[in-house]
Structures are given as C-alpha cells and as structure tokens.
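Look at the structure below and keep it in view while reading.

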Amino acid sequence: MTNSQQQIGTLNEGNLHLSLKNIYADDPSQIERRTSNYVVDVLKGDRIIEIQTRGFGALRSKLPVLLQTHNVTLVYPIAARKTIVKHTEEGEISRRLSPKKGIVHDVFTELVYLPTILDTEGMQLEVISIHEEEIRVFDKQRAWRRRGWVVVERRLVEVVSNSTFASTKQLLYELFPRLPGQFTTEDLAMETRGNRALAQKAAYCLRESNAIRVVAKRGNTLVYERS
C-alpha cells in the first residue's frame, strides 16, 4: 500500500466511531471515561453509551459488568445510504451511491451474539440509520478482494433516523408489526425484504429471549407465536 493510502487509513481511523461519540457526548469530558475497570465511549451521569459499529460478540463480558452499576445504551449504526469513494495515490477518482440500503432489522446480524442482553434491567438499544461514505483504496497485493479495492474507512455524512428499543418484545412488535397469530421465518422475511437468513437470525434472538415460542412444526419448518 502506498504512503498516501496508508495516510487515509491511519489519520481517519475510526472516523465513524469518533463522529458518533461526539454526537452523543454533551462535551469532550464525557468521552473515553473509565468505569468498572473498562473504558467506555461516553459516560453521562448514570448512563453509559457504547457505540459498536460491528462485533457485538466483543461486548459479551463488558456489558453485564457495566449494567451492574449503570444504565447502558448500545448504539448501532446501519448504512441506509452509502456512498463509495475510491482513492488512488493521486487522490479521489470516483464516487458512486451503493445500491445496498440497510434496514433496522440488520441489527439481528449482530444481536445473535447477545440475544438476551436487551432484557437486562437498565439496558437499551439504539439503532441509527445513517448516510456514510465508504473509503476504498487500491492494494494490488489484495487483488482477490473487490478487484484490489480495500475498505479503509467509514465516514459519517449524516444521521437519517434513530429507533430506540428497551426490550426484545419491543423489537418484535415494532419491527414485525404484521405477523399473523402463528408464523414462520417466511413471515418474518416479509419484513426483512425477503432476506431469509436475516429472518432466521431474528427468530433465533426472539426465541432465546422468550419473546416468541415454538408451537408446532410443519415438515422441517418451525411454527412460532408470540409469548
């Protein structure tokens, strides 16, 4: 990778994460505070705000400890709109809007690692839909991936909307409002733009947290109803 490409990846490292911390903090003194032997993103009175752009599994040990002494809001950004920006050593060469548009339901991709955490007292989840820029640089040594274009940064353009959830049952009722009395993952997929894999992850989280229960089986298909 060239010096110019390295600069993009280091000087702007964690740009999305840093931008969101600045949004959620009232002043810089609340950012990167230590409590309960952990450094947290934002500490505002008795509430901790943890911003996780990916990898909920890394929070398995941290969140239960923090919840013993504080209320915790877990913030997860989803790119409802993404602009892909490509850079070479000479600078920016192209900019295009990605056809992929994230939805709030995408949070289940990460929530499978913490399927019951939202039902812990003092815990809430805030999913924010954002417009982001995805910065890519060319690395011929990694030409097997995206034809050599490597993602080095995510940058916040704007926050489009946000949704806050205080329980898994709230997730169920707000993200899947049109479910029949009994339903399958096929019914869940109707709300996930037909994404069956995402619907299966949602079903797993909802089942593990007892928001839904299995009541029958049709062949290899499980039938659920709300608990």
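Two strands pair if DSSP finds at least two bridges between them. Strands are DSSP runs of E with at least two residues, helices are DSSP runs of H or I with at least four residues, and both are numbered from the N terminus. The model is a predicted one, in which local features need pLDDT of at least 70 and side-chain atom pairs count only at pLDDT 80 or more, while totals for chains, interfaces and linings use all residues. Residues are numbered from 1 along each chain as its sequence is written, and side-chain values use heavy atoms, with hydrogens and water left out.

Start with the open sheet, where three strands follow the order β8-β10-β9 with antiparallel pairing. Its edge strands, β8 (182-183) and β9 (212-218), each pair on one side only. Strands of a sheet pair through backbone hydrogen bonds, either parallel or antiparallel. Between β9 and β10 (residues 221-226) there are six bridges, and these two strands run antiparallel.

Now take the whole chain, which has seven helices and ten strands. Its C-alpha atoms fill a box of roughly 60 × 45 × 30 Å along the principal axes. Buried means under 20% relative accessible area, exposed means over 50%, and partly exposed lies in between (1.4 Å probe, protein chains only). Of the 227 residues, 46% count as buried. A contact means heavy atoms within 4.5 Å. Among contacts between residues at least 6 apart in sequence, 63% join residues at least 24 apart.

Strand β7 (residues 149-165) holds Arg154. Is Arg154 buried or exposed? Arg154 counts as buried because its relative accessible area is 13%. Leaving aside neighbours within four places in sequence, Arg154 is in contact with several residues, including Asn15, Thr53, Pro77 and Glu132. With the side chain of Glu132, the Arg154 side chain makes a polar contact (2.8 Å). A polar contact is a pair of N or O atoms within 3.5 Å; within protein, one must be able to donate a hydrogen and the other to accept it, and residues adjacent in sequence count only if both atoms are side-chain atoms.

Ser161 also has its place in strand β7. Ser161 counts as partly exposed because its relative accessibility is 34%. Beyond its neighbours within four places in sequence, Ser161 is in contact with Val127, Ile128 and Ser129. From Ser161 to His70 there are 91 residues in sequence and 26 Å in space, C-alpha to C-alpha.
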